[in-house]
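Look at the sequence and the model below. The paragraphs that follow lead through the two chains and the place where they meet.

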Amino acid sequence: MSTVDDPRKALEFLQGTLKVLILRSLQAAPNHAYGISQFLERQSESEFLVDNGSLYPALQRLLQRRWIAAQWKKSPNGRRAKYYRLTTLGRTQLVAAKSKWMRFVEAMARVLAAQR
Amino acid sequence: MREWWSKIWGSLHLRSGLQNDLSDEMQAHLDMMAAENVERGMPPDEARVAARRQFGNLTRTEEKAREAWQFPRLETILQDIRYGLRGIRRSPSFSAVVILTLALGIGANTAIFSVVYSVLLRPLPYPNGERLVWLGESTAKYGGISITWINFQHWRNENDSFENMAGFANEDFTLTGRGDAVLTHAGLVTSSFFQLTGARPAMGRLFTDADDAPGAAPTVVVTADFWQRRLDGDSHVVGESLSLDGKSYEIIGVLPPGRRFFWNPVDFYLPIGRSAGAHLKRSEHGSMRALGLLKPGATLTQARINLDDIMQRLAVTDPGPENDHRAFAIYLTEATVGNVRPVLLILMSAVGLVLIIACANVASLLLVRSTARTREIAVRVAIGAGRARLARQLFTENLVVAGIGGGLGLLLASWCLRSLVLIGPRDIPRLSEATLDLPVLVFATAITIVVGLLAGVAPVFSAGKVDLTIALKEGSPTAGVGKRGQAFRNTLVIAEIAVTLILAFASSLLIRSLIAAQNSDPGFDAQHLLAIELQLPESRYKSDENVRQYYGQLAQSLRAELGVEDVGLVMCPPGGGDCGDYWYSILEKPPLTRDDVPLSLFNIVDDGYFRTANVRFVAGRAFNDTDRPGGSRVTIINEQLAHQLWPDPRLALGQHLKVGGTYMEGPTLEIVGVVANTSQMGLDAEQMPTFYYPFSQKPDSAMTVVVRTNGDPAQWMKAARRRVSALDRNVPIQSLRTAEDWLGATLERRRFATLLLGLFGALAMILAAVGIYGVLNYWVSARQKEIAIRLAIGASRSSILRWAGLHAARLAVIGIVLGAIGAWSASRWLESMVFGVTARSPLMMLVAGAAVIGIAALAAGLPLWRATHTDAVRNLHQG
């Protein structure tokens, strides 16, 4: 067990974070599963590497909660793909979760970065 | 919630659709990745393979995504059940102990619950039974005395809380003209009675208001049982007549079988208004009580206030001795159950405690086994079983075991229940109706599941905490023996000892009470005493002189029988209960206010009774020939009554007892004697004040003849029957028993409760012994190596014994202290059932404590012996 974090390894998702991240990735526009994982990798500068084994079940759970909805559509380059979009319920959940996480992250940062 | 709905929806419609959808979606995902690889310059084949690699495990992803929509699949549950069954077969002795323990706990609880349900909880078998109210009058001192006919009429017509009211009373009649004369029991009821109890005729009709009016033609409705037994089930019986006390009654209807309202079954019903309707005075009390059907929404309190208002109004318009009387009203359910409730609740709690012990035992056994299974669980975790999946499997296994235990328990319960109903006292209402019906089965299922889950909690939690690296390493038997597990097992032992002590204390109290009651002095010599209960038919013995003559001749005839030493007469023998009570006052004492006038039982005895029964005289004389009818009226009182009024019973002699008290009519009697108390209400009941009339001055047609014999009185039963029948074959013998049987019957309920509680106490002790043995044995096994080392470095066997014994003793002491505290606070509930000893008897606590310590020591003995006989050399070499 090492005490210093290895920067070469991608971060693991904390409990509950993947759902928020998926919601966030759909905020601007609907997207498909592959697009979502690309978006998260890009935005986190590859700190988050999305495992499809987690992504797909998470999408199903969000569908069950009616936070997102799915529809088959043609992509810009002419491929058929299943697109997910935020529902109104999902949007309110995202707003709530976002402010909660921002507070959490700032508080963590303040504590960890404290001088003494 | 939302997830569940969509799961249900999904399982109904989407399952197959979703599957295709998912693979399509993932195929599209792969295509996109492959296309990007091609754009980067890979050849198409390689690009597809690379995409597959990048994506990860396709099948597993699809499975996991699908699982999000599914309930645990039936197949996995079945698989877990199969696995559980295999586990049972693999360790049969372990499983047998667990299953047997559960079966005992669940079986006993189910049996007692079905009694509780039948007696206390099941709705009454009448339409709107929950709104039926039992009504009587009350005075300042006594609630539930009879209602006078006139008051009843006022209540019935002037109240606005009841839909309907019905009066009822009991009376005995002698039936003649159909074989031998027999004593029969009648319910006297108003015509509304059958409406309230929801009875319909099986044949003919029931009473109308016309039948119930004074001067109406005499009619009778017979019960199905009487119709079968006495009227030979004759289908043309309607219209025939019955001769009751020499008067002819027309049979107008037959009731269907199965309906019972009165405690003691009645043979037929007569309209009460024919006779009681003749009462003109508001203070004329008979023995009538009433039933009322509350209007929907009306409360019992409102109804009481309503009836009290009527009584207050009547006190103005029709003043008299009834002025201060008020209404007494309780729900019929309560009136039916009466004082059985505390007994049953105590039994239910006791058997619940037994279940707790059983549960603790099973929990500790399962915990031990889960420790043995640590490696198996570790392997499962290592090859990918999630914690939830593992917990589900262990719970399913425990439920399988509990289910088998519960099934066996149900068999056990049905067997116990049959014996319970057989040995149960007859005076517990509806006990015989107790069966394993739906609510009882639901109860049994519920406790089985709860027990399965509770007992399984500890192993499931410890399984979740398995440390793979330790558990998988070869030969680490310490895995799972962690401090937490041991602390949990110690807690279970402490709890078992505490609960067992509570049960042991309760049973020892009851056993002590039963012994005290059985040995309590009944106030007379019950040995070699035969009691013949008779009822002379009024039609044949109309005058007092006829009655006196009959009993005189019978006594003479019985005295002539060889071996009969003496014969006496008593109206209500000891143990016969309350055959009548009335107000009284002493003329020589200052008058009391109306509310303070005391009640006393009264009885009638002849001049031979006290001598025959061997009742001790405290002061004065017995009745004798000088107490002639028409002469100066005399009475003998018992010690209890004398003690309430005079410091020395001798002071009572020559003073005068006014029957009826200061405010009611009644004769004045001179007190000529004081006798010892006899157990009128039963051996375990309080002594009641009693005064005795001489039979010569107040003859009664219903008397009990007591016969003192010079051997086992049962031998004279035949002779007694012969002599009674020889004198007049139309006189029915109501009962023929020895006085000892008669008295013993008063302890029926106490015996029943004591027997059951004693059984539960014994069961608790056995289970606790098994539990203590199991836990200590395990404690020793887990420490074999430590003990071996201690021995190897020079510890003596006695120091090992001290060390292990101290561990056991510590648990026992904590358990005993906690149990004593529990028993002490529980003793309050037992107060009503304790006799001849206080509920907080330190001696009984000591006895119970000693018994529990004895059992614990016995159970701890073998493990401790094992501890001291550890073979150090072999044990250390093995390691």
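Which residues does Glu25(B) touch, not counting residues up to four places away in sequence? They are Ala33(A) and Lys82(A); touching, or being in contact, requires that the C-beta atoms of two residues, placed from the backbone, lie within 7 Å. This is a predicted model, in which local features need pLDDT of at least 70 and side-chain atom pairs count only at pLDDT 80 or more, while totals for chains, interfaces and linings use all residues. Residues are numbered from 1 along each chain as its sequence is written, and chains are lettered from A and ligands numbered from 1 in the order in which they are written.

Glu25(B) sits in helix 1 of chain B. Helices (H or I, at least four residues) and strands (E, at least two) are DSSP runs, numbered from the N terminus. Glu25(B) counts as buried because it has 23 C-beta neighbours inside 10 Å. The rule is that a residue is buried if 20 or more other C-beta atoms lie within 10 Å of its own, exposed if 12 or fewer, and partly exposed in between, with C-beta atoms placed from the backbone.

The contact between the chains involves 16 residues from chain A and 19 residues from chain B. On the chain B side, helix 1 (2-39) and helix 3 (58-67) each supply at least two residues. Helix 1 of chain B gives the most, with ten residues. Sorted by class, this side of chain B has seven nonpolar, five polar and seven charged residues. Here Ala, Val, Leu, Ile, Met, Phe, Trp, Tyr, Cys and Pro count as nonpolar, Asp, Glu, Lys and Arg as charged, and the others, Gly among them, as polar.

Now take chain A. It has four helices and two strands, in the order α-α-α-β-β-α along the sequence. Of its 116 residues, 23% are buried. Helix 1 (residues 17-25) of chain A has buried residues including Leu18(A), Leu21(A) and Ile22(A). Among the elements that cover the buried residues of this helix are helix 2 (33-43) and helix 4 (88-113) of chain A.

In chain B, look at how helices pack. Two packed helices are described by the angle between their axes and the distance between the axes. The axes of helix 5 (residues 92-121) and helix 12 (residues 340-372) of chain B come within 9 Å and cross at roughly 160°. Axes are lines fitted to C-alpha atoms, for helices over the stretch in contact, and angles run from 0 to 180 degrees between N-to-C directions. Helix 5 of chain B is therefore roughly antiparallel to helix 12 of chain B; angles over 145 degrees count as roughly antiparallel, under 35 as roughly parallel, 65 to 115 as roughly perpendicular and the rest as oblique. The residues of this contact divide into 23 nonpolar, five polar and two charged.

Helix 12 of chain B also packs with helix 23 (residues 748-782) of chain B, at an angle of about 15° and with the axes 9 Å apart. These two helices are therefore roughly parallel to each other.

What is the largest nonpolar core made of? A nonpolar core is a set of buried Ala, Val, Leu, Ile, Met, Phe, Trp, Tyr and Cys residues joined through C-beta atoms within 7 Å. The largest has 219 residues, and Val354(B), Val705(B) and Phe760(B) are among those with the most contacts inside it. Helix 12 of chain B provides the largest share of this core, 19 residues. A second, separate core of 28 residues includes Leu18(A), Ile36(A), Trp67(A) and Leu22(B).
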